[in-house]
Amino acid sequence: MRRTPAALLAALCLTITAAVAAAPPAASAAQDRILACPSIPSGHDPAVTTIVYRVARGFNADDKVMLSAFEAGWVESHMNNLPCGDKTSLGVFQQRWDYGWGTAEQIMDPVYASTQYVTRAITCDRNNPGYSAGQVAQCVQRSGFPDRYDQVAAKARTLLAEAARTASIAAGSRTDVNGDGRDDILTFTQNASADVYVAPSTGSAFAGTSVKWHDFFSIGGETASTGDVNGDGKDDVVTFAHSNTGDVYVALSTGTSFGAAQKWHDWFAPGAEIGAVGDVNGDGKADIITFTHNPAGDVYVALSTGTGFGPGVKWHEFFAPFGEYPAVGDVNGDGKADIITFTQGPASAADVIVALSTGTSFGAAQKWHDLFAVGAELPRVGDINGDGRADIVTFTCDADADVYAAVSTGTGFAGTTVKWNDFFCLAGEFPYLADANGDGKDDIVVFTKGATNDVYVGISTGTAFLGGAKWHDFFGLNGEATL
């Protein structure tokens with residue numbers, strides 16, 4: 001059976017004392033039993049930082065408010081959902097039920113607690129535009145030690161960067177939204193407008209600058225993806241709401257636009273989980289997959305019926321725990337999407353692990369490569385040589401801007417330091433794979449973002465990627481989710 005919202009909350013808490021585990025019957029008995037914390041964990045809870053980030057993005061919080069949330073969370077709890085605190089304080093931000101923050105049970109919900117913090121911080125920042133992030137935090141928290149928030153700015157930025165990277169994990173999905181055999185590009189504004197724009201591929205460029213295909217889909221904090229969920233040959237858009245609703249919405253492609261958003265699942269990939277899309281049972285319809293991305297490392301699947309996603313079922317019980325980079329792709333060419341994870345350690349521990357799909361579950365995890373996508377590199381999965389098996393590609397996205405590939409043999413990935421391009425994707429840019437010219441081989445695509453917002457493509461020859469050519473000169477702005 002799929003997890004319930006209550007079970008998710010229990011998993012997020014470090015320890016649930018009687019003060020919180022018992023349903024508080026009123027604002028007295030249970031709440032009065034809140035205990036002082038004997039100590040605060042030295043490290044952060046990655047699930048909590050991801051939730052705080054997603055909630056803040058959902059409210060279109062600016063950089064200062066976002067940083068203030070991470071400063072406050074680190075000072076108050078080291079970004080842990082504490083079931084204890086000073087006097088009546090609880091949770092990530094050590095909010096007090098007797099000061100109007102909500103009930104003890106509400107405060108122990110990281111989504112609720114983050115919402116309370118962020119909405120108040122946005123108001124404070126609007127009323128005091130000259131405040132620093134730490135002063136915004138103090139405005140919300142009203143601490144007896146007002147200077148301590150700005151003092152942890154460096155640590156807060158590190159945690160924020162980690163959460164942003166986790167929330168933006170996207171190792172690959174098909175983007176042929178008009179069904180012509182060529183992958184197109186999409187951008188989700190993920191702001192108050194929540195527009196979706198598409199530039200279809202002509203085979204030598206991406207056409208259209210501001211062609212809106214949907215006017216409200218995938219708000220900030222959600223995970224936008226693509227896949228042919230109804231099996232009609234055109235890729236549709238999918239968004240995972242996360243939060244504590246776990247909704248999944250779909251907008252089907254008509255070939256010239258996306259239809260009305262429809263809820264296809266009401267409890268999948270909640271909280272800090274990582275959602276993905278792929279045809280795991282080989283029936284021609286893309287399904288949804290979620291990686292819990294925590295110490296449990298569970299993987300759940302909900303199969304597409306063509307009009308909705310079925311119940312979430314556990315297909316693997318330990319795969320891609322936090323810190324790893326999960327992906328989906330048909331690596332052995334049997335028509336069923338498998339799961340892949342990049343451990344992303346240093347050179348001595350940058351393994352690539354695969355679990356093959358049987359059509360009803362994922363098999364045992366197997367190491368397919370022992371040195372690939374080191375550290376902060378950005379890995380992607382796609383069929384770059386056109387043999388029907390998904391390969392792996394990694395972008396250094398730094399001053400070197402190298403691109404390395406290892407092709408699938410069906411039982412492993414071959415090649416350790418095989419460079420396919422020596423200048424593609426600088427720091428701050430977003431790389432992807434797509435069969436942009438429709439020749440059956442995935443090419444490399446990069447959204448430059450920044451001041452230019454260009455889109456470059458490096459065509460695959462089957463053994464290398466050609467030099468980047470500009471295919472669009474204004475697409476995918478800063479803050480937008482591009483595919």
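Which residues does V55 touch, not counting residues up to four places away in sequence? The first legend gives the reply; the views are of a predicted model.

View 1. V55 is found in helix 4, which covers residues 46-58. Leaving out residues up to four places away in sequence, V55 touches V111, S114 and T115. V55 counts as buried because its relative accessible area is 9%, and the cut-off for buried is under 20%. V55 and L426 are 371 residues apart in sequence, and their C-alpha atoms are 28 Å apart in space.

**View 2. Helix 7, residues 110-127.** The N-terminal end of helix 7 is capped by D109, with a side-chain oxygen of D109 lying 3.0 Å from the backbone nitrogen of V111.

**View 3. The largest pocket.** The largest pocket has a volume of about 1,100 Å³. It is lined by 34 residues, and those closest to its centre are Y53, A164, S168, F430 and E480. Helix 4, helix 10 (153-167), strand 6 (223-227), strand 18 (378-382) and strand 27 (481-482) each supply at least two residues of the lining of the largest pocket. Helix 10 gives the largest share of that lining, with 4 residues. By class, the lining of the largest pocket has 14 nonpolar, 11 polar and 9 charged residues.

**View 4. The largest cavity.** A search of the whole structure finds 2 cavities of 30 Å³ or more. The largest cavity holds about 170 Å³ of space. Of the 18 residues lining the largest cavity, I169, A170, A171, G275 and A276 are the closest to its centre. Strand 6, strand 10 (274-278) and strand 14 (325-329) each supply at least two residues of this lining. The largest share, 4 residues, comes from strand 10. The lining of the largest cavity divides into 13 nonpolar and 5 polar residues, with no charged residue.

**View 5. The second largest cavity.** The volume of the second largest cavity is about 40 Å³. Its lining is made up of T175, D184, I185, F206, Y432, A434, V445, F447 and L483. The elements that give two or more residues to the lining of the second largest cavity are strand 23 (430-434) and strand 24 (443-447). By class, this lining has 7 nonpolar residues, 1 polar and 1 charged.

**View 6. P346 in a loop between two strands.** P346 is found in the loop between strand 15 (338-342) and strand 16 (352-355). The relative accessible area of P346 is 51%, so P346 is classed as exposed, the cut-off being over 50%. P346 and V250 are 96 residues apart in sequence and 38 Å apart in space, taken from C-alpha to C-alpha.

How values were computed
Residues are numbered from 1 along each chain as its sequence is written. This is a predicted model: local features need pLDDT of at least 70, side-chain atom pairs count only at pLDDT 80 or more; totals for chains, interfaces and linings use all residues. Side-chain values use heavy atoms; hydrogens and water are left out. On a 1 Å grid over the protein atoms alone, a cavity is a set of points where a 1.4 Å probe fits but cannot get out, and a pocket is an open set with protein on both sides within 12 Å along at least five of seven lines; lining residues have an atom within 4 Å of a point. Grid points are joined across faces, edges and corners, and a volume is the space filled by probe spheres set on the points. Ala, Val, Leu, Ile, Met, Phe, Trp, Tyr, Cys and Pro count as nonpolar, Asp, Glu, Lys and Arg as charged, and the others, Gly among them, as polar. The expected span of a helix is 1.5 Å times one less than its number of residues. A polar contact is a pair of N or O atoms within 3.5 Å; within protein, one must be able to donate a hydrogen and the other to accept it, and residues adjacent in sequence count only if both atoms are side-chain atoms. Buried means under 20% relative accessible area, exposed over 50%, partly exposed in between (1.4 Å probe, protein chains only). Contact means heavy atoms within 4.5 Å.
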